[in-house]
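Please read the points with the model open.

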Amino acid sequence: MQLIIAAVGHKMPAWIETGFAEYVKRMPPELRIVLKEIKPVERSGSKTAATAMALERERIEAALPKSVRIIALDERGKDLTSVGLSQQLELWQQDGRDTAFLIGGADGLDPGLKARAEGLIRISSMTLPHGVVRVMLAEQLYRAWTITQNHPYHRV
């Protein structure tokens, strides 16, 4: 099973790439994290936020496998604990479909894409830089996996 992180944005600072890579390499081969960077839409005076989000939606959808489970990251999404995410991860592993976590661009995710998602998850109630969200999500996916394995990484 793959855990796909489809993130609008590119050219992240080295410290973001290093942090993200650290958690990716810790994952087991049967539960790999794959990053799909989506080039943001260039903003201009003629493009509204809605137009930019719609164009980014097309790019996101083009990057995803057809039968993937979509989980959108959204400030109004479900607030999961690490244990809650680990329980969800176990359920997803049982059905074997790849799962894609979507991180929107500067204006967020297109409403139609969020409506299509099988779930909305909130990483934080605070506004965070998109690169930091990548690292936090990768760490939480690693933590969730360690919880399912009774690994001591997660201490209660």
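**Notes on the model**

1. D74 is buried, with a relative accessible area of 11%. Buried means under 20% relative accessible area, exposed over 50%, and partly exposed in between (1.4 Å probe, protein chains only). The side chain of D74 meets that of R76 in a salt bridge, 3.9 Å from N to O. A salt bridge here is a side-chain nitrogen of Lys or Arg within 4 Å of a carboxyl oxygen of Asp or Glu. R76 is exposed, at 58% relative accessible area.

2. A word on the source. This is a predicted model, in which local features need pLDDT of at least 70 and side-chain atom pairs count only at pLDDT 80 or more, while totals for chains, interfaces and linings use all residues. Residues are numbered from 1 along each chain as its sequence is written, and side-chain values use heavy atoms, with hydrogens and water left out.

3. Which residues touch the most other members of the largest nonpolar core? They are L3, I5, I33, F101 and L141, in a core of 26 residues. A nonpolar core is a set of buried Ala, Val, Leu, Ile, Met, Phe, Trp, Tyr and Cys residues joined through side-chain atoms within 4.5 Å. At least two residues of this core come from each of β1 (2-8), α1 (14-26), β3, α3 (82-95), β4 (99-103) and α5 (130-148). Helices (H or I, at least four residues) and strands (E, at least two) are DSSP runs, numbered from the N terminus. The largest share, eight residues, is from α5. In soluble globular proteins, nonpolar side chains tend to be buried together.

4. Leaving out residues up to four places away in sequence, F101 touches L3, I4, I5, A6, I71, L73, W92, I121, L137 and L141. Contact means heavy atoms within 4.5 Å.

5. The salt bridges come to 15 in count. One of them joins the side chains of D95 and R69, at 2.3 Å from N to O. D95 lies in helix α3 and R69 in strand β3, so the pair ties together parts that are 26 residues apart in sequence. Are these two partners buried or exposed? R69 is buried, with a relative accessible area of 3%. D95 counts as partly exposed, at 42% relative accessibility.

6. D79 and R122 also meet through their side chains in a salt bridge, 3.6 Å from N to O. This pair links distant parts of the chain, 43 residues apart. D79 is in the loop between β3 and α3, and R122 is in the loop between β5 (119-121) and α5. D79 is exposed, with a relative accessible area of 52%. R122 counts as partly exposed, at 22% relative accessibility.

7. Now the largest pocket. About 490 Å³ of space lies in it. On a 1 Å grid over the protein atoms alone, a pocket is an open set of points where a 1.4 Å probe fits, with protein on both sides within 12 Å along at least five of seven lines; lining residues have an atom within 4 Å of a point. Grid points are joined across faces, edges and corners, and the volume is the space filled by probe spheres set on the points.

8. How many residues line the largest pocket? The lining has 22, and L73, D74, E75, G108 and H130 lie nearest the centre. β3, β4 and α5 each supply at least two lining residues. β3 gives the most, with four. By class, the lining has nine nonpolar, seven polar and six charged residues. Ala, Val, Leu, Ile, Met, Phe, Trp, Tyr, Cys and Pro count as nonpolar, Asp, Glu, Lys and Arg as charged, and the others, Gly among them, as polar.

9. Two backbone angles deserve a look. K11 has a positive phi of about 60° although it is not a glycine. K11 lies in the loop between β1 and α1 and counts as exposed, at 73% relative accessibility. N150 is not a glycine either, yet has a positive phi of about 55°. N150 is placed in the segment after α5 and is exposed, at 72% relative accessibility.
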